[in-house]
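Student: I'd like to go through this model piece by piece. Can we start with the sheets and then move to the helices?

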Amino acid sequence: MAELLLELFCEEIPAGMQPKAASELGALLTKALDGLNPSGIQTFYGTRRIATVLNVDAEIPARTVSERGPREGAPEKALEGFTRKHGVTADELTLENGFWVLNKQLDPVSAESRVAEAVPDLLWKFPWAKSMRWGAGSNFSWVRPLRRITCLLDGKVVPFSLTRDGDDAHGLKSSNLSEGHRFLAPGGFEVRSADQWLEELETRSVIVDADKRRDMIRTGVHRLAEQQGITVVEDEGLVDEVAGLVEYPVPLLGRIDDAFMDLPAEVMQVSMRINQRYFALRSADGKAAPFFAFVANLPFKDGGKLTIAGNERVLRARFADARHFWDLDRKTKLADRVAALDAVTFHAKLGTQGERAKRISALAGTVASAMRLSAEEQIEQAKRAGLLSKADLTTGMVGEFPELQGVMGGYYAAHDGEGDAVSKAVAEHYMPRGQSDDTAKAPVSVAVALADRLDLLAGFFAIGETPTGSGDPYGLRRAALGVIRTIRDNGLRLDLTDLFAKAANGRTGGELAKLPDFMADRLRVQLRSEGERHDVLAATLAGGLDGDLVRLLARTSALSDMIQTEDGKNLLAAAKRAANILRIEDKKDGPHKGTPDASLYAQDEERALADGLNSAVPAIETALKDERFTDAMQAIAALRPTLDRFFDAVTVNAPEADIRANRLKLLATFRTTTALIADFGQIEG
């Protein structure tokens, strides 16, 4: 096979667009060269290039391609159109299975000619999320001005240009030239192979492997922190972003002025990350350390002293702005800001943030009562925290850094003398903010966090603004998962159905009726992400969403354990067999409902199954009522040997009509019994 290297060198590509672009380049090139059996694909990307390396066959061999045309006896015009389309005569067609067929003999195609044909079209149509045109006289677009195209097949240039239809595409054409670091190694160098390209780039201060750049950033920043006896605040998103901004990462450490060390750690971290792409550091006690780490794009002869000083100066200005907001915001009490929320629209159909804060306050008290919080004081704390929960939206700090919603409210509440539980609840009510974030654990914080999301879900479902496809502008899927995780992590025995009704606040209609199904679907998604049997949950949910998620999941877990036993597997198979028989026979003369007639039992196996069901049903119902789910599963699983004997010895579709109907009623009774547990038909396997 031959080695193909394609590198596209341009001006700086936004960091967030690089990984997807490199992946799409590899995928599109693989598809375009399908006849050459591409394999061993590798992709590379950085701030000024995306590239791919793969192996391809030397040629597409000679082959015959068949094109089916009109049917025999089709109108003459249809046949004429087919031959005209393919530039052949009717004599060149053959009749195969009632159709006219054109068998075309295609000559071999060399890899070089196929690449030269495919790549220009690929580049003209490349799917950048955003692209630009530059210069004059060309409609060719790229994410940033494209400067070089390196295309080699086994070390030799594959010649092509991007010129098409009189558009010279800025004169871009393939070559064997690439470029190193913009400042440390400007100008082109000759490429002979993929390995030599990688090695030469590294000698020219370009690390084109994104994983290696990320590792250099992590390792370098951690090493600098360890030298000072401090730790790095882990932030993989920032590592990815910085890796897309530099070609040769050089981590450096700067110092923060003592005058700013009394700022909240979150303020310092967000300001450094958002404005400067700096890494935050922590002391051994978990507090903010008086240092910050950043990554330069090249090494310095002075060890970076001048660059560090410049970044320290910039950070002082950033923190001075943060200090201004911090001092100014604390002059107005958080409670006095609640009134200002009446001027902030939450949603045209759902009122203002002030109205929402009042709803959250009332609902937080309701949730706190449902949680059976031990003291009346905690219920009042939940109401107070709910009322204050959105007040920090009117502060200058949150206006500058929206990421600090809630966090700043907690600081300001504490400054104003609000109780610890209230301040903490205001700070934590947005938790979990993401899939990997922790949930709130303090009782009052949990009540407010749930109230916030329950109001959000009920409100938007009431006005019919629900997620569609991949669109979820109001974050309702995230809110639902937040409710689920908070309840599960804290083992809360709540009735979600009742809480949703109270969160609806008298509203009806819209899509409110679909909210339980939406929650059930989100629960399935969550279990699937954890590797659990989501099909078992779907089977348990067949009778509707149990508002007590803890009880629902305990029941699901017991069912999952049962169907993994030998008796459970055979019981599942028997249940599906019974369902299939009933589905077929019900179409003929069903439904077959009602209590079987014991006098029509012709075999002992029928009587044994009937007796087993009569014993199992009350046992199952009692166990489910008492939440002894394992006992309920054992009661249904105990039917397995009786069922085996029934299906082995009894012909359900007996020739006698009355016996057949009675046996089908017996199977229907069995199906009804299994339905007390779950819809076994939805369980895979």
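**Sheets and helix packing**

Tutor: Ser66 has Asn103 in E7 as its bridge partner. Keep in mind that this is a predicted model.

Student: Which strands pair in the antiparallel sense over seven bridges there?

Tutor: E5 and strand E7, residues 99-106, pair that way over seven bridges.

Student: And what order do the strands of that open sheet have?

Tutor: The order is E5-E7-E6, three strands with antiparallel pairing. Strand E5 (63-71) and strand E6 (93-96) are at the edges with a single partner strand each, so one side of each has no neighbour in the sheet. From one strand to the next, the twist averages 35°.

Student: Which helix packs on the sheet?

Tutor: Helix H2, residues 76-86, packs on it and touches E5, E6 and E7. The direction of H2 makes about 155° with that of E5.

Student: Now the open sheet of four strands. What is its order?

Tutor: E14-E16-E17-E15, with antiparallel pairing. Strand E14 (231-232) and strand E15 (250-255) stand at the edges; each has a single partner strand, so one side of each is left without a neighbour in the sheet.

Student: How many bridges are there between E15 and E17?

Tutor: Six, in the antiparallel sense, with E17 covering residues 288-296.

Student: Which strands does helix H7 lie across?

Tutor: H7, residues 265-276, lies across strand E16 (279-282) and E17. Relative to E16, H7 runs at about 150°.

Student: Which strand do eight bridges join to E1?

Tutor: Strand E3, residues 49-56, and the two run antiparallel. Within that pairing, Leu6 is opposite Thr52 of E3. E1 also pairs with strand E9, residues 146-153, in the antiparallel sense over seven bridges. There, Leu5 is opposite Leu152 of E9.

Student: Is E3 mostly covered or mostly exposed?

Tutor: Mostly covered: seven of the eight residues of E3 are buried.

Student: What do E2 and E3 form?

Tutor: A hairpin, with two residues between the strands. Strand E2, residues 39-46, pairs with E3 in the antiparallel sense over six bridges. Phe44, for instance, has Ala51 in E3 as its bridge partner.

Student: Switching to helices. At what angle do H15 and H17 pack?

Tutor: About 70°, with the axes 8 Å apart; H15 is residues 443-462 and H17 is residues 496-503. That makes H15 roughly perpendicular to H17. Their crossing is right-handed.

Student: Which residues make the contact?

Tutor: On H15, Leu454, Asp455, Leu457 and Ala458; on H17, Leu496, Leu499, Phe500 and Ala503. Of the residues in this contact of H15 with H17, seven are nonpolar, none is polar and one is charged.

Student: How do H22 and H24 pack?

Tutor: The angle between H22 and helix H24 (residues 640-649) is about 150°, and their axes are 9 Å apart. That makes H22 roughly antiparallel to H24. H22 passes H24 in a left-handed crossing.

Student: And which residues make that contact?

Tutor: H22 contributes Glu605, Glu606, Ala608 and Leu609, and H24 contributes Thr642, Leu643, Arg645, Phe646 and Ala649. The residues of the contact of H22 with H24 divide into five nonpolar, one polar and three charged.

Student: Where is Glu621?

Tutor: Glu621 is in helix H22, residues 604-625. The residue is partly exposed, with a relative accessible area of 43%. Glu621 and Ala635 are 14 residues apart in sequence, and their C-alpha atoms are 10.0 Å apart in space.

Student: Which residues are buried in H23?

Tutor: In H23, residues 629-637, the buried ones are Phe629, Ala632, Met633, Ala635, Ile636 and Ala637.

Student: What do the buried residues of H23 pack against?

Tutor: Helix H20 (549-562), helix H21 (566-589), H22, H24 and helix H25 (657-675).

Definitions and conventions. Residues numbered from 1 in each chain as written. Predicted model: local features only at pLDDT ≥ 70, side-chain atom pairs only at ≥ 80, totals over all residues. Heavy atoms only, no water. Axes fitted to C-alpha atoms, helices over the stretch in contact; angles between N-to-C directions. Parallel < 35°, antiparallel > 145°, perpendicular 65-115°, else oblique. Left-handed = near helix turned anticlockwise from the far one by under 90°. Contact = heavy atoms within 4.5 Å. Nonpolar A, V, L, I, M, F, W, Y, C, P; charged D, E, K, R; others polar. Buried < 20%, exposed > 50% of the residue type's maximum accessible area, 1.4 Å probe, protein only. Pairing = 2+ DSSP bridges.
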